[in-house]
Amino acid sequence: MQFPFSIHLFNKTIPWHVVLEPLAFFIAFRYYLYLKKKKGDAIESEHRLWILVGATFGAVLGSRIIGGLENVPAMLAAPNKLLYFYQNKTVLGGFLGGLLGTEAIKKAIGEKRSSGDLFVFPILLGLIIGRIGCFSMGIHEETYGIPTRFFTGMYLGDGLLRHPVTLYEIVFLICLWVLLARWSKHYVLAEGLLFKIFLISYCIFRFLLDFIKPHYSWAGLSTIQWASLAGIIYYTTLFFTEKHLFSFFRKHRVPYA
């Protein structure tokens, strides 16, 4: 395979990633609208719109801040710091920033209901499409693994067998989708639980994944791993303070069809 994968159109070479990244956002949003229409929304339209605004603003900001801090020496050496942060982004930072933006807006407008469950499956779909785009770049984007002799190792463009971490993530996301879909079908989950399980699972996965990715370390861990730990601690605290979440399997089982 030759990396990066490209499309040749009208005498121009267009990397797959350039096409798949905006396509991931478009398809995910259309899927969200479909689910919203099919399942309904307990949150009124005006509040949902403000929540989307808060989530989007927080995601953009969080993505750039965490992305810019992934390589501190490169950030410090950059002549234009604002441009450097703008050009570097990460999905996990977007999730955590979006969470903070959402909670801030909900507090401002007085919305007390959980708002994340409706986004879970669209996010999973968008992530899978986006990671296909990341894989298509090989080593030309910082989403590749360290060299390995493990049987899953692949040549990603520099002549070395490397962990194809984007493919690992796609497999993880598909498995998580199947698991959450089964739970949603056979159990009446507490409001907000679906999103909590999704995000804490993703944080745990990203924390582990970075051990097989090249990265700059702060006290032995990457910026992504420190951010993942923050997300894990935050949601673990919620699980212990909201103990009713643990009872959903025992008390809310839906019979199999």
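Two strands are taken as paired if DSSP finds at least two bridges between them. Helices (H or I, at least four residues) and strands (E, at least two) are DSSP runs, numbered from the N terminus. The model is predicted: local features need pLDDT of at least 70, side-chain atom pairs count only at pLDDT 80 or more, and totals for chains, interfaces and linings use all residues. Residues are numbered from 1 along each chain as its sequence is written, and side-chain values use heavy atoms, with hydrogens and water left out.

Strands β1 (residues 6–9) and β2 (residues 12–15) run antiparallel and are joined by four bridges. Ser 6 has Pro 15 of β2 as its bridge partner. Two residues lie between the strands of this hairpin, where Phe 10 takes a positive phi near 50°.

Helix α2 (residues 45–68) packs with α5 at an angle of about 145°, their axes 6 Å apart. Axes are lines fitted to C-alpha atoms, for helices over the stretch in contact, and angles run from 0 to 180 degrees between N-to-C directions. Contact (heavy atoms within 4.5 Å) involves residues including Gly 54, Ala 55 and Gly 58 of α2 and Gly 97, Gly 98 and Gly 101 of α5.

Leu 100 also lies in α5 (residues 91–109). Its C-alpha atom is separated by 7.6 Å from that of Ala 55, 45 residues away along the chain. Leu 100 is exposed, with a relative accessible area of 62%. Buried means under 20% relative accessible area, exposed over 50%, partly exposed in between (1.4 Å probe, protein chains only).

Helix α8 is mostly covered, with 15 of its 17 residues buried.
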